[in-house]
Amino acid sequence: MVGASGSVASRVEKLRILLVVNLEWDPRLGAVRVFMELAEQWRGAGHTVEIFSASEAFSTHQPRPALSALRQLGFGYKAAAFVRKNANRFDVIDALIGSLHGSKQSLAFPGLLVARSVGLYRLYDSFDQQARLRWPGRPGRLSTRLFYGTIARWFRRLSDAAVRRADLVNLPNEEEKLVLQREGITENALTVQPYGLSAERADAFARLAASVESRLDRPKICFLGMWSPRKGSRDWSEILRFIWQQVPHARFCFLGAMVDPETIRRDLGIEFSDRIEIVSQYSQDELPALLGDCTAGAFPSYVEGFGIAVLEQLAAGIPTVAFDVPGPREMLQQISPELLVPAGDVEGFAQSVTRLLRSDAAAYRKLSHRCRETAARFDWTEIARNTAEIYRAALLHDIAGPHS
C-alpha cells in the first residue's frame with residue numbers, strides 16, 4: 001500500500017498505461033475500437049499509452065479460424081512475457097479479459113492490474129446456449145466441435161482466473177457488475193464505465209443529418225454492426241417483411257456487416273432489391289454521411305457490452321429500436337421505453353420500428369432531439385478522465401502502489 005503523499009501523487013498524476021488486447025489492432029473490431037479511442041483520449045490528456053495487441057505479437061494477419069482461436073490463447077503467454085520484461089515501465093495494465101495470463105506476482109508487476117470487459121464472456125456463453133436451442137443447425141464434424149469446445153472451455157477458465165486476479169474489473173454496464181457480484185467479486189473491485197463519442201465525432205453526426213421532413217418522406221432503416229446471429233441476423237428476414245407489409249416503400253441499409261452482400265441477401269431470402277443497400281465495410285470518417293438520411297435505427301442484438309453502434313445512431317438523431325438487453329438499455333431507457341423490446345420478440349421489434357417510420361414531424365423532431373441529448377451524455381473525454389481518476393485513486397489508496 002502507498003499513502004497519498006504529495007510526492008507519490010505527483011508520480012501518478014500522468015499515468016503510464018499498457019493496453020493489452022488479443023485481437024488485431026483494427027478499428028473495424030468493436031473491442032479494439034474501445035481501446036483505440038481510450039488511448040487517443042488518454043494521450044490527449046498527457047498520459048503515456050503503449051499497446052500490446054495481436055498486431056505486435058504475431059507477424060501474420062487474418063489466419064484461418066482454427067489458427068485464430070489458438071492464437072488468441074497463445075497470445076496471453078506472449079503478453080505475459082512482454083509484461084515481465086517491461087513491468088516497471090507501467091503504472092497501469094488495462095487488459096481485455098483473457099488477454100493476459102498470470103498473477104501479478106508471476107508477472108512481477110507492482111502496479112494496478114485491470115481486467116476490462118467489452119461484453120462479459122458469461123453473458124455471451126449464455127447466449128450461445130440459448131442460440132443452439134432456438135436455431136438448431138447442422139452439428140458439424142465431431143472433431144471440429146471437440147476442438148472449438150475445448151478452446152472455449154480453456155478460454156473460459158483463463159477468463160475466470162483473469163477476473164479474480166485483477167485489482168479492478170472495468171465493466172461497460174450494470175448488469176455485468178451484478179453477474180460478477182453474484183459470483184463473489186467484491187464491489188470495490190468493480191467499476192462500471194460506459195463507452196462514448198468524442199465531441200468532434202458527435203458534431204459530425206449532427207452536422208450531416210438530413211432534415212426531419214426528408215427522413216420521414218423517404219423512410220430508411222439502418223442496421224449498424226457485424227452480421228451474425230448474436231446481432232440478429234437470423235431475425236432480419238422476418239423484420240424486413242413485416243415492415244414492408246406496413247410501409248412498402250421503406251428502404252433498408254446494412255452497414256459494417258463484414259460479410260459479402262451475397263451472404264446477407266441469402267439470409268434475407270432476397271436475390272436483389274433496390275430497397276436494400278449493403279455496405280460491408282466503411283471507414284469511420286464515412287459513417288456520419290452514411291447515416292445522414294436514415295429515419296430509424298434497428299439493433300436486434302441479443303447480447304452487448306455497450307453498443308457503440310446505438311450511440312452513433314443516437315448522435316445522428318436517429319431513434320433506434322433495440323432488444324432490451326444490457327448495453328443498449330443504458331442509453332435507450334433515457335429516451336423512451338418504446339425503443340426497447342423484449343429480446344426475441346421479433347414482431348414487437350418490427351412494430352416499434354414501423355411506429356417510428358409513421359411518426360408525425362413534431363413527435364419525430366422531439367424524439368430525435370432527445371436522442372442527441374442522450375448521446376451527448378456519453379462523452380469520451382469525460383469517461384476517459386473519470387477512468388484515469390479511478391485508476392489513480394486505486395494506485396494511491398486501496399489496491400496497488402506505483403512502481404518503485
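Predicted model: local features only at pLDDT ≥ 70, side-chain atom pairs only at ≥ 80, totals over all residues.
Residues are numbered from 1 along each chain as its sequence is written, and side-chain values use heavy atoms, with hydrogens and water left out.

Strand E1 (residues 16–21) and strand E3 (residues 92–96) pair in the parallel sense over four bridges; two strands are said to pair if DSSP finds at least two bridges between them. Helices (H or I, at least four residues) and strands (E, at least two) are DSSP runs numbered from the N terminus. E1 and E3 belong to an open sheet of six strands with parallel pairing, in the order E2-E1-E3-E4-E5-E6. Its edge strands, each pairing on one side only, are strand E2 (48–53) and strand E6 (190–192), and the twist averages 20° from one strand to the next.

Helix H2 (residues 30–44) lies across E1, E2, E3 and strand E4 (112–116), running at about 170° to E1, while helix H8 (residues 174–182) lies across strand E5 (168–171) and E6, at about 165° to E6. For these angles, axes are lines fitted to C-alpha atoms, for helices over the stretch in contact (heavy atoms within 4.5 Å), and the values run from 0 to 180 degrees between N-to-C directions.

Another open sheet has six strands in the order E9-E8-E7-E10-E11-E12, again with parallel pairing, and its edge strands are strand E9 (276–279) and strand E12 (340–341). Within it, strand E10 (residues 296–299) and strand E11 (residues 320–323) pair in the parallel sense over three bridges, and the bridge partner of alanine 298 in E11 is valine 321.

A nonpolar core is a set of buried (under 20% relative accessible area, 1.4 Å probe, protein chains only) Ala, Val, Leu, Ile, Met, Phe, Trp, Tyr and Cys residues joined through side-chain atoms within 4.5 Å. The largest one holds 109 residues, and among those that touch the most other members are Trp42, Trp236 and Leu291; its largest share, eight residues, comes from helix H18 (residues 380–398). Leaving aside neighbours within four places in sequence, leucine 291 is in contact with residues including Phe205, Arg215, Glu312 and Ile318. A second, separate core of 18 residues includes Ala57, Phe58, Ala79 and Ala87.

Definitions and conventions
Buried < 20%, exposed > 50% of the residue type's maximum accessible area, 1.4 Å probe, protein only.
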